[in-house]
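Dear colleague,

Please find the structure below, handed over for your records.

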Amino acid sequence: MSKPTDPPDQRAAEIHDQIAALGPCLPGTLSSRMLRCGNPNCRCRDTQTDQRHGPYLYWTRKISGKTASKLLSTEQAERYRPWLANDKRLHQLVRELEALTIQAAQHAEGWGEK
Ligand SMILES: [Zn+2]
């Protein structure tokens, strides 16, 4: 077994600290869309010159396999942008922690590195 001072354990401890220090973690992505409205006579219907309305900002995420989108104001988008970044970071840290733990189990059990 690895001792607590071994580099993988030290990195795992760092990951735990970084996860603990994260603020709110909002799942999903922020996307910007240009849209056509319902008025058939509107300039946005002209396909020669792209005059669609927007950009509109959406918070998009998956809810049981379905994509759900919420229209956001500029202020809302700026407010939640760091929360979305935190969630992305959370998932990176979790994947790294899992990889380290797989290595630790393989090493402890002599299961090989593959
Ligand atoms: Zn229009």
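In strand β3, Ser-69 is the bridge partner of Thr-60, and Lys-70 is that of Trp-59. Strands and helices here are DSSP runs, numbered from the N terminus: E of at least two residues for strands, H or I of at least four for helices. Please note that this is a predicted model, in which local features need pLDDT of at least 70 and side-chain atom pairs count only at pLDDT 80 or more, while totals for chains, interfaces and linings use all residues. Residues are numbered from 1 along each chain as its sequence is written.

**The sheet**

Strand β2 (residues 53-63) and β3 run antiparallel and are joined by seven bridges; two strands count as paired if DSSP finds at least two bridges between them. The two form a hairpin with two residues between them, and Ser-64 in the turn has a positive phi of about 40°. A residue is buried if 20 or more other C-beta atoms, placed from the backbone, lie within 10 Å of its own, exposed if 12 or fewer, and partly exposed in between.

The open sheet has three strands in the order β1-β2-β3, with antiparallel pairing. Its edge strands are β1 (29-35) and β3, each of which pairs on one side only. From one strand to the next, the twist averages 40°. Helix α2 packs on this sheet and touches β1, β2 and β3, its direction making about 145° with that of β1. Such angles run from 0 to 180 degrees between N-to-C directions, and axes are lines fitted to C-alpha atoms, for helices over the stretch in contact.

**The helix pair**

The axes of α1 (residues 7-21) and α2 (residues 74-109) come within 10 Å and cross at roughly 155°. That makes α1 roughly antiparallel to α2; angles under 35 degrees count as roughly parallel, over 145 as roughly antiparallel, 65 to 115 as roughly perpendicular and the rest as oblique. Residues making the contact include Ile-15 and Ile-19 of α1 and Leu-93 and Leu-97 of α2. Two residues are in contact if their C-beta atoms, placed from the backbone, lie within 7 Å.

**Gly-54**

Gly-54 lies in strand β2 and is exposed, with 11 other C-beta atoms within 10 Å. Leaving aside neighbours within four places in sequence, Gly-54 is in contact with Arg-33, Met-34 and Leu-35.
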